[in-house]
Amino acid sequence: IMKKIKSLLFVLLGLLVFASCSDDETPTVSFEKNSYILMPEQDLEVVVKLSDSPTADLEIPFVLNGSAEKDVDYTVSTEKIVVKAGEINAKLVISPNKNYETDRSIIINLGTVVGYDFGDNQIATISITPKEKLIYTFVEEYSVLENSLDVYINIFDSKGDRVTISKDIHIPFEINEAVQGAAKKGVHYNVKGDVTEFVIPAGSSEGKITLEYIENTEVEKNRVAISIPELGVGFIKGGYTSTTVKVYGSTLGKLFGKWVGKKLANKEFLISDAKNWGFPLDSDNLPENITNDTLLIQAGDKDMIKTIMTGDAGHYFRESEITYVETKKFVYGEEYVIGAPVPEYELAVFTLAKANVNFSANNEEIKDVKVGFRVTEKEGEEILEISIYDFAPTDFYANIYNMVKEWGEEYPMNYDPIRYQFKRVK
């Protein structure tokens, strides 16, 4: 019995010694894991844990190494990890920044903490998943400022698909006031809010600035040249890295767009006036079939008229540069009533570099011409009214033209112009 009692005492003594040794073990500090992955657009929490909670706040130093560059590829939430008293873990937040390069990683080494040994994971390695580079482009190369104009910039992924961002992107822009024909900010136009950057908000893929028209009597000074400076890593230039806004105001600006033929507005007057001149047959073959004719008036480095025409307007119009000359008053003979004031309208006169002055399908003489334009609204439709008075017809009004020409008139058809109406289409 005594032997058994002695044996039991030895076992109890061993347990007491073991327990005493366990109580004296040094606590440890360690990363929760030894490897992490930092996603392109998502913060990463790296957890540091203790085997025993401290009685006071405990600072845990760390060192950053690896091929990734701090504050370029990533940022950190703090320079020291602090475990609060009574707790056993803390977090270090790693945020992606301009992480566009491949094969980048972060290595974090825990520093020495007095009273603590290192646990299983003194080192943590973070693999960085690179962000996709973004393509940026203006939506249009050229546009026209009437009263107010939104200028847009879009972003796409490397495959050319629209991309929705998770954080706001700020893209600065520059206005080149040294370009030939530059409009003056604060004189001819303003940038709303006086902003200096596009902001593409989170959840979107486009940003905009707004230009506002002030006044422009110097039509030759009409250009606002907007460009994006070099954005550096993470961005790729797209189709339009600059855009030009033509500051024309509402009178001229409304002319630009797509227009489809509606009618020869002064047909009855032309028939009646041919009789009055004594040449009733001159009104035969009037170029009245224009419903299949389309005009595109486009802003550009050189403003252009482009044509899609199978009707009679195509006997006159050619694809041509178009240049503003002046705004002047024209008499509308078809609206004249005896005893009433002669009706006059202000038309914007443009030079067309090319037109067939013979206004014929069979005869062609290409010259530069002057044509009058104005935009009105009728029954909810925008109407482009085109007054063609600079031509030498061969298929209609030929006798009247030759007679008036003999009088020394600069524009013999000024009395009897072809007045077309086109309606705006999107």
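This is a predicted model: local features need pLDDT of at least 70, side-chain atom pairs count only at pLDDT 80 or more; totals for chains, interfaces and linings use all residues.

Visitor: What is the average pLDDT, then?

Guide: The protein averages a pLDDT of 91, and 94% of the residues score at least 70.

Visitor: And where does pLDDT stay under 50?

Guide: That is the case over residues 15-22, and for this stretch the model has zero contacts beyond four places in sequence.

Visitor: Let's turn to salt bridges. How many does the structure hold?

Guide: There are 21 salt bridges in the structure. One of them joins Asp-301 to Arg-223, with the closest N and O atoms 3.3 Å apart. This pair links distant parts of the chain, since Asp-301 sits in the loop between strand E24 (294-298) and strand E25 (304-308), while Arg-223 belongs to strand E20 (residues 223-227), 78 residues apart.

Visitor: Is Arg-223 buried or exposed?

Guide: Arg-223 has a relative accessible area of 17%, which is under the 20% limit, and therefore it counts as buried.

Visitor: What about Lys-80, which residue does its side chain meet in a salt bridge?

Guide: The side chain of Lys-80 meets that of Glu-59, at 3.3 Å from N to O. This pair also links distant parts of the chain, with Lys-80 in the loop between strand E6 (74-76) and strand E7 (81-83) and Glu-59 in strand E4 (residues 58-60), 21 residues apart. Lys-80 is partly exposed at a relative accessible area of 45%, and Glu-59 is partly exposed as well, at 46%.

Visitor: Changing topic: which residues have the most contacts inside the largest nonpolar core?

Guide: That core has 44 residues, and those with the most contacts inside it are Phe-373, Ile-386, Ile-388, Tyr-420 and Phe-422. Several elements supply at least two residues each, including helix H3 (267-277), strand E28 (366-378), strand E29 (381-388), helix H4 (398-406) and strand E30 (418-425). The element that gives the most to this core is E27, with four residues.

Visitor: What is Ile-386 in contact with?

Guide: Leaving aside neighbours within four places in sequence, Ile-386 is in contact with Leu-295, Phe-317, Val-371, Gly-372, Phe-373, Ile-418, Arg-419, Tyr-420 and Phe-422. There is also a second, separate core of 27 residues, which includes Val-29, Leu-50, Tyr-116 and Ile-126.

Visitor: And Leu-134, where does that lie?

Guide: Leu-134 lies in strand E12 (residues 134-138) and is buried, at 10% relative accessibility. Among the residues that Leu-134 touches, not counting those up to four places away in sequence, are Ile-155, Phe-156, Val-163 and Phe-235. Leu-134 and Asn-402 are 64 Å apart in space, C-alpha to C-alpha, and 268 residues apart in sequence.

Visitor: Last one: which residues form a nonpolar patch on the surface?

Guide: The patch is formed by Val-331, Tyr-336, Ile-338 and Val-342, which together have about 420 Å² of accessible area. Ile-338 is placed in the loop between strand E26 (320-331) and strand E27 (344-356). With a relative accessible area of 79%, Ile-338 is exposed.

Conventions. Residues are numbered from 1 along each chain as its sequence is written. Side-chain values use heavy atoms; hydrogens and water are left out. Patches are made of residues with over 30% relative accessible area and no salt bridge: like charges are joined within 9 Å, nonpolar side chains (Val, Leu, Ile, Met, Phe, Trp, Tyr) within 5 Å. Accessible areas come from the Shrake-Rupley method with a 1.4 Å probe; for residues, only the protein chains shown count as cover. A salt bridge is a side-chain nitrogen of Lys or Arg within 4 Å of a carboxyl oxygen of Asp or Glu. Buried means under 20% relative accessible area, exposed over 50%, partly exposed in between (1.4 Å probe, protein chains only). pLDDT is the predictor's confidence in each residue, from 0 to 100. Contact means heavy atoms within 4.5 Å. A nonpolar core is a set of buried Ala, Val, Leu, Ile, Met, Phe, Trp, Tyr and Cys residues joined through side-chain atoms within 4.5 Å.
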